[in-house]
Amino acid sequence: MPFWRVGSSPTVRTVKNSKIKIRNFSPSDLKEVMEIERLSFPNRKLYPEDYFRKLYQKYSEGFIVAEDKGKILGYAISEVQKDLGKIISIAVYPAWRKRGIGKTLTNFLINNFKEKGVKEISLHVRTKNKVGITLYKKLGFKILKTNKNYYQNGDDAYLMERKLGA
Ligand SMILES: CC(C)(COP(=O)(O)OP(=O)(O)OC[C@H]1O[C@@H](n2cnc3c(N)ncnc32)[C@H](O)[C@@H]1OP(=O)(O)O)[C@@H](O)C(=O)NCCC(=O)NCCS
């Protein structure tokens, strides 16, 4: 089923002994998404609710959540500009990590990018975020370059890319 219709009919994926739903974000998920954001990025200024609302309004089909029994376990945000896809953010509720949810969310975005005719996916990740870098490398992303002082607090970022074959 095309990804932009999962809002009405969630896709079920199995991750370590549980079945989770992947569906489009809905504004009523915002509080839980903000809580995951707060727990996932303790060392940076949190994005305000409005930031998430704007991303949703700009490209709602690229904003997905993982859900189990009504609880939001993780989210992923992306956007598409012509044939370029961009992963903006991915985070999983700490107690639900290391079960494959991050990989499932990222693969979901990648499949959507393929359906949209995206040729290349890019993302930025803190050079110190070893777990994030491992996740993306595992899914075929390569480090293209380092952007010094990319983040507000002066942290450096890797620009990572994955080409989607013809
Ligand atoms: C990065 C993050 C989204 C991964 O979510 P997750 O659901 O735990 O990831 P998965 O279980 O799908 O793991 C995917 C791969 O990442 C790597 N990984 C995950 N957790 C790891 C850890 N604690 N240490 C080392 N590698 C790890 C592994 O290679 C794993 O693959 P494997 O299980 O086949 O070995 C999660 O740790 C998180 O929310 N972190 C805080 C926010 C963040 O840094 N986001 C990414 C940058 S925007």
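For the residue classes used here, Ala, Val, Leu, Ile, Met, Phe, Trp, Tyr, Cys and Pro count as nonpolar, Asp, Glu, Lys and Arg as charged, and the others, Gly among them, as polar. By these classes, the shell around the ligand holds 7 nonpolar, 7 polar and 5 charged residues. The model is predicted: local features need pLDDT of at least 70 and side-chain atom pairs count only at pLDDT 80 or more, while totals for chains, interfaces and linings use all residues. Residues are numbered from 1 along each chain as its sequence is written. Helices (H or I, at least four residues) and strands (E, at least two) are DSSP runs, numbered from the N terminus.

**Ligand shell**

- A residue is near a molecule or strand if its C-beta atom, placed from the backbone, lies within 6 Å of it.
- Among the 19 residues around the ligand, those that come nearest are Arg97, Gly102, Lys103, Gly132 and Leu135.
- Two or more residues of this shell are given by each of strand E5 (84-92), helix H3 (101-115) and helix H4 (130-138).
- The most is given by H4, with 5 residues.

**Sheet**

- Two strands pair if DSSP finds at least two bridges between them.
- In general, the strands of a sheet pair through backbone hydrogen bonds, either parallel or antiparallel.

**The E1-E2 end**

- Strand E1 (residues 11-15) pairs with strand E2 (residues 18-24) in the antiparallel sense, over 5 bridges.
- Val15 has Ser18 of E2 as its bridge partner.
- The hairpin of E1 and E2 has 2 residues between the strands, and Asn17 takes a positive phi near 70 degrees there.

- Strand E8 (residues 157-163) pairs with strand E6 (residues 120-126) in the antiparallel sense over 7 bridges, and Glu120 has Lys163 of E8 as its bridge partner.
- Strand E7 (residues 142-147) also runs antiparallel to E8, joined by 5 bridges.
- Lys142 has Glu161 of E8 as its bridge partner, and Lys145 stands opposite Leu159 in E8.
- In a regular strand the side chains alternate between the two faces of the sheet.
- The covered face of E8 consists of Tyr158, Met160 and Arg162, and the uncovered one of Ala157, Leu159, Glu161 and Lys163.

**Nonpolar core**

- A nonpolar core is a set of buried Ala, Val, Leu, Ile, Met, Phe, Trp, Tyr and Cys residues joined through C-beta atoms within 7 Å.
- A residue is buried if 20 or more other C-beta atoms lie within 10 Å of its own, exposed if 12 or fewer, and partly exposed in between, with C-beta atoms placed from the backbone.
- The largest nonpolar core has 33 residues, of which Ile64, Ala66, Tyr75, Ala76, Ile101 and Leu105 touch the most other members.
- H3 gives the most to this core, with 5 residues.
- Not counting residues up to four places away in sequence, Ile64 touches Ile22, Arg23, Asn24, Phe25, Tyr75, Ala76, Leu105 and Phe108; contact requires C-beta atoms, placed from the backbone, within 7 Å.

- Lys31 lies in H1 and is exposed because 10 other C-beta atoms lie within 10 Å.
- Lys31 and Ile72 are 41 residues apart along the chain, and their C-alpha atoms are separated by 9.7 Å.
- Tyr51, found in helix H2 (residues 49-58), is partly exposed, with 15 other C-beta atoms within 10 Å.
- Tyr51 and Val15 are 36 residues apart in sequence and 29 Å apart in space, C-alpha to C-alpha.

**Positive phi in loops**

- Most residues other than glycine have a negative phi.
- Lys82, in the loop between E4 and E5, has a positive phi near 55 degrees; Lys82 counts as exposed because it has 9 C-beta neighbours inside 10 Å.
- Lys98, in the loop between E5 and H3, has a positive phi of about 60 degrees although it is not a glycine; Lys98 is exposed, with 11 other C-beta atoms within 10 Å.

Definitions and conventions. Two residues are in contact if their C-beta atoms, placed from the backbone, lie within 7 Å.
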